[in-house]
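Please read the following report with the structure open beside it.

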Amino acid sequence: MTVSQHPVSPTDPRTVSELAEAVQGGLPRTIADLSSLVRIPSVSWDAYDPSHVAASAHAVAELVRSTGLFDEVRVSSAPIGDSGTTGQPAVLARRAAREGKPTVLLYAHHDVQPQGDDADWDTPPFEPTLKGDRLYGRGASDDKAGVMTHVAALRAVHEVLGDDLGVGVALFIEGEEEFGSRSFADFLRQHHDDLEADVIVVADSDNWSTTVPAITVGLRGNVTFRLTVRTLAHASHSGMLGGAVPDAMMAMVRLLGTFHDEVGSVAVAGLESRDAEHPEQTEETLREESGLLDGVAPIGTGPLLSRVWSQPSITVTGIDAPSVANASNTLLPEVSVRVSARIAPGQTADSAYEALEAHVLGRAPFGAHVEITDVDKGDPFLVDTTGWAIADATVAMTEGWGEAPLQTGIGGSIPFIADLVRTFPAAQILVTGVEDPDTRAHSPNESQHLGVLHRAVLSEAILLARLDARG
Ligand SMILES: [Zn+2]
């Protein structure tokens, strides 16, 4: 991957050591604030009580006020297109730049994924629990630690640089990232002037390890849809007709089987891969990080990281069919699944969807009726790595971690980044984060490594100081 072409000098060592002291001194408060955010079960999905997301927005607004850098901090929602519904509340604040200084937009989200089954957690999901170096709880990392990175970095910068901070700061803490950022585009339109910036820091990604930081420069996109297969007008006794007519499950299983080849690579014509260099990852690391069982082989071909950063993938993430407990001897007339595809950087989500649609509609087993509904698409993203902001961030992270950051890809998607790029085409985007390979975001036993949080806060404080020294 391309290395920044901007020569950069180190940050004034006195500033670094003063910031390091302020960040270290503020750490107990940072962790206490993070813990109180984790106690609020701010799941943004439709089926969950929205009052928790509102409470979490107000708690975040209070923390943003506590930085002492903003005259006004607002909790605000935008309508979702012309659907007649409104998105979950975000937190918004802006401090104008002094003449000639850049403005930075700091993004994170305060909503969380559902906790799933409480029984799968070793500690209660919304009771922040410290074990060793890690704080456990839903949202402890994704992305309430991202929220706290911004808050704690701003507090430290305010403490060290004082009231006459010249860098402009806009803050946008979203309330529905985990539910598809449905009102994001409308929010950007409505608050365009509040959010406009030269540099955008998206603190919602991960690091190479707990000791080596990363800047995410490539993100896969996604295409998801509901796929329904119908073969019969009604259910029938499997003993009477089984063997003579296809049931919907049989047709569905055969259709899903066409998504991959013998080694598990995606076998859908028109889904593209991207040529790029990848850091080395061993199969042992992959096995450890994924919990791959003994004797089970990895899938796909090519360097391991190319499979998750630069190649497409297809996963079935849900199925509507009778449960095993309720299974009767019946030929199912209809089965639906949720298909979730990841798209390599370089291809648009639209063209990937066309390839998937042509694939499933052209392969209906036994002439089964195949229908696609509830389509959701997010474009992949590649960061321009030649700007001055990434050069500044690289120095700041090297000083904050004592270790230079790797430029990495990520297998997941952050679809709203495409909205950000469309709305602010001139802004330089920095995708940073507080996660590490053991974070388990979205899963039971999610946790935040507190050393990583400490280093992420210090790096961001140094970055803010460097931006302040510009212009
Ligand atoms: Zn997140």
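The text below takes these topics one at a time.

The model is predicted, so local features need pLDDT of at least 70 and side-chain atom pairs count only at pLDDT 80 or more, while totals for chains, interfaces and linings use all residues. Residues are numbered from 1 along each chain as its sequence is written, and side-chain values use heavy atoms, with hydrogens and water left out.

**Zinc site**

His109 (NE2), Asp142 (OD), Asp204 (OD) and Asp204 (OD) coordinate the zinc ion at 1.9 to 2.7 Å. Donors are N, O and S atoms within 2.8 Å of the metal (3.2 Å for Na, K and Ca); water is not among the atoms, so sites may look incomplete. Along the sequence the donor residues follow the spacing H-x32-D-x61-D. Asp142 sits in the loop between β5 (134-136) and α3 (144-161) and Asp204 in strand β7 (residues 199-206), so the pair ties together parts 62 residues apart in sequence. Helices (H or I, at least four residues) and strands (E, at least two) are DSSP runs, numbered from the N terminus. Asp142 and Asp204 are both buried, where buried means under 20% relative accessible area, exposed over 50%, and partly exposed in between (1.4 Å probe, protein chains only).

**Salt bridges**

A salt bridge is a side-chain nitrogen of Lys or Arg within 4 Å of a carboxyl oxygen of Asp or Glu. By this rule there are 19 salt bridges, including those in the table.

| Pair | N to O distance |
|---|---|
| Arg39 and Glu127 | 3.4 Å |
| Glu72 and Arg74 | 3.9 Å |
| Arg466 and Asp392 | 2.9 Å |

Arg466 belongs to helix α13 (residues 450-468) and Asp392 to helix α11 (residues 388-401), so this pair ties together parts 74 residues apart in sequence. Both Arg466 and Asp392 are buried. Arg39, in contrast, is partly exposed at 44% relative accessibility, and Glu127 is partly exposed at 34%. Glu72 is partly exposed at 49%, as is Arg74 at 29%. Asp46, Glu176 and Arg182 are linked in a network of salt bridges.

**Strands β8 and β16**

Strand β8 (residues 214-219) pairs with β16 in the parallel sense over five bridges; two strands pair if DSSP finds at least two bridges between them. Leu219 stands opposite Ile410 in β16. Four of the five residues of β16 (residues 406-410) are buried.

**Exposed helix residue**

Met240 is in helix α6 (residues 238-241). Met240 is exposed, with a relative accessible area of 68%.
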